[in-house]
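Q: I have a new structure to look through. Can you walk me through the side chains inside and outside?

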Amino acid sequence: MKDNYCVIMGGGIGSRFWPFSRESYPKQFLDFFGTGRSLLQMTFDRFSKIIPIENIFIVTNETYADLIKEQLPELKEDQILLEPARRNTAPCIAYAAYHIKACNPNANIVVAPSDHLILKEDVFLKDVQKGLDFVKNNNALVTLVSNRAVRKQVMVIFRVAIPC
């Protein structure tokens, strides 16, 4: 478990959820379901069940750093990775993988958006754990698409030790 990491992508501006979501306070920071937890917090809570808290990283930009610190006070400063510029998914994953590989060259990483609604969390986490176990023992990249747990969503799981 010490080699398992989670990268939560938390830098989106939430433009598709306007007018509820604003660039200054995008959807990942909103409590859509009246649970007292934002989508970001729910994502963090979900992954903290199978990933050590110290191995969970949020990738965002400077604009949202304070919101993340406010909503996830259990994170250390170095677990919030600030992208130099907003460049979408692939550069975000590469930036986080580079950082994590410097800390642990044997890391297995699951990458997740900060704003997913997971209806069957137990099924979802079981599938994520299977993916992490698989990449640990295989030179592979796993793309998790689950109609049972996630509606039209994709997760990527990989090992940073995969040679180019």
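This is a predicted model: local features need pLDDT of at least 70, side-chain atom pairs count only at pLDDT 80 or more; totals for chains, interfaces and linings use all residues.

Q: Where do F29 and Y64 lie?
A: F29 is in the loop between β1 (4–9) and α1 (39–47), and Y64 is in the loop between β2 (56–60) and α2 (65–71), so their pairing ties together parts 35 residues apart in sequence.

Q: Pairing of what kind: how are the rings of F29 and Y64 placed?
A: Their centres are 5.6 Å apart and the planes meet at 55°. A pair counts as edge-to-face over 60 degrees and as stacked under 30, so this one is tilted.

Q: How many aromatic pairs does the structure hold?
A: Four aromatic pairs. Another one of them joins F47 and F124, and that pair is edge-to-face, with 5.8 Å from centre to centre and 80° between the planes.

Q: Which helices do F47 and F124 lie in?
A: F47 belongs to helix α1 and F124 to helix α4 (residues 121–137), so this pair links parts that are 77 residues apart in sequence.

Q: Buried or exposed, those two?
A: F47 is buried, at a relative accessible area of 0%. F124 has 1% relative accessibility, so F124 counts as buried too.

Q: OK, on to the core. How many residues are in the largest nonpolar core?
A: There are 23 residues in it, and F47 and I68 have the most contacts inside this core.

Q: Which elements supply this core?
A: At least two residues each come from β1, α1, β2, α2, β4 (108–113) and α4. The largest share is that of α4, with four residues.

Q: Back to I68. What does I68 touch?
A: Leaving out residues up to four places away in sequence, I68 touches G10, F29, L40, I58, T60, L75 and I80. F29 in that list is the residue whose ring pairs with Y64.

Q: What about a second core?
A: A second, separate core has 14 residues, including C92, I93, A97 and A107.

Q: Where is L119?
A: L119 sits in the loop between β4 and α4.

Q: And why does L119 count as exposed?
A: The relative accessibility of L119 is 58%, and the cut-off for exposed is over 50%, so L119 counts as exposed.

Notes: Residues are numbered from 1 along each chain as its sequence is written. Side-chain values use heavy atoms; hydrogens and water are left out. Rings of Phe, Tyr and Trp (its six-membered ring) pair if their centres lie within 6.5 Å; planes under 30 degrees apart count as stacked, over 60 as edge-to-face and the rest as tilted. Buried means under 20% relative accessible area, exposed over 50%, partly exposed in between (1.4 Å probe, protein chains only). A nonpolar core is a set of buried Ala, Val, Leu, Ile, Met, Phe, Trp, Tyr and Cys residues joined through side-chain atoms within 4.5 Å. Contact means heavy atoms within 4.5 Å.
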